[in-house]
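I'm opening my notebook on a new structure. I'll jot down what I look up as I go.

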Amino acid sequence: QSVAVLGAPFSRGQKRRGVEHGPKVIRDAGLIERLSGLDYSVHDFGDLHFHHPEMDEPYMGVKFPRTVGAANKMLSGAVSRAIGAGHTLVMLGGDHSLGIGSVSGHAQQCPDLCLIWVDAHADVNTPMTSPSGNLHGQPVAFMLKELQDKMPDIPGFSWTKPVLSSRDLVYIGLRDVDPGEYHIMKNLGIQYFTMRDIDRLGIQRVMEVTLDHLLARKQRPIHLSFDIDAFDPSLAPATGTAVNGGLTYREGIYLTEEIHNTGLLSVMDLVEVNPMLGANHEAVEATASLAVDVIASSLGQTREGAHASIGVPP
Ligand code: ARG
Ligand code: MN
Ligand code: MN
């Protein structure tokens, strides 16, 4: 079993500088060592080098469209190659606009993938509904087939094509959804679990329904897109759009354990860690180390221990 790690130091999908340093702080928190300890052969593909055009005027309110479009095109190719080479991939962001490239590269190799979006936000604004114009609030709109008649031709995105139907997607952790996004989720009948739903049902039932919704008809590759702001800000303070009342540590770990237990995780994104936004060094380290815990748990670290891999006879 081999895991590839790919850094995407990119921040133009939102307005706060610093999230481009996410890959570095997550690696510094010991990611590669942790994954090696889980008995994977780990291939660190390093960080992508993005080009930033000098002129990139907003288009219909959308900010940095060409910059975000080009970065995602590059990411999409890299993800597709890694999956084609047989790796499970961990993509380190960067802001959540990178979901566009990550999911579309994954879909090139695995057209039947399903998507679990763990986030305080739905990130399904279209350029028309977006209150901010920030593309990290819009990635899911680019992926959904049912929304394409509502998507204008944005410069930088001519290479994209929608790869998902609304029934291939489940949200977990929502608590800050814009009016246009609510309308889209309801209209398309997207399965979602807000923090209130987690309060009512418990994380165990939420995962049962999530995996049943996505996998009951057939087993297929899972794309997990994990925005660190899904966690409560007390656990993950170093992020750009923190919202109170998020996942507990144990809910986050249970969620990822259940995804690992399917044996179907194919690509995982870990995005929106911004080391320039922690109140102090400890806050940044706590956020980065939480990111490492969630990635390790998604890839099979358990709380019940494991058999030693060294010195076990064949
Ligand atoms: N819904 C808001 C917007 O569209 C916030 C999105 C935050 N997204 C994120 N990936 N943190 O701008
Ligand atoms: Mn978010
Ligand atoms: Mn997000």
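Here are my entries, topic by topic.

**Ground rules.** I'm working with a predicted model, where local features need pLDDT of at least 70, side-chain atom pairs count only at pLDDT 80 or more, and totals for chains, interfaces and linings use all residues. Residues are numbered from 1 along each chain as its sequence is written, chains are lettered from A and ligands numbered from 1 in the order in which they are written, and side-chain values use heavy atoms, with hydrogens and water left out.

Is Asp119 buried or exposed? Asp119 counts as buried because its relative accessibility is 0%. The cut-offs are under 20% relative accessible area for buried, over 50% for exposed and partly exposed in between (1.4 Å probe, protein chains only). Asp123 is buried too, at 5%.

**Ligand 1.** I looked at the 14 residues around ligand 1 (a heavy atom within 4 Å). Asp123, Asn125, Ser132, Asp178 and Thr241 come nearest. Next I checked polar contacts, which are pairs of N or O atoms within 3.5 Å; within protein, one must be able to donate a hydrogen and the other to accept it, and residues adjacent in sequence count only if both atoms are side-chain atoms. A polar side-chain atom of Asp123 sits 2.9 Å from a nitrogen atom of ligand 1. For Asn125, a polar side-chain atom is 3.0 Å from an oxygen atom of the ligand.

**Helix 10.** I placed Asp293 in helix 10; helices are DSSP runs (H or I, at least four residues), numbered from the N terminus. Asp293 counts as buried because its relative accessibility is 16%. Leaving out residues up to four places away in sequence, Asp293 touches Arg34, Tyr249 and Ile253, with contact meaning heavy atoms within 4.5 Å.

**Phe226.** With that sequence limit again, I listed what Phe226 touches, including Val118, Phe231, Leu247 and Val294.

Key. Helix = DSSP H or I, 4+ residues; strand = E, 2+ residues; numbered from the N terminus.
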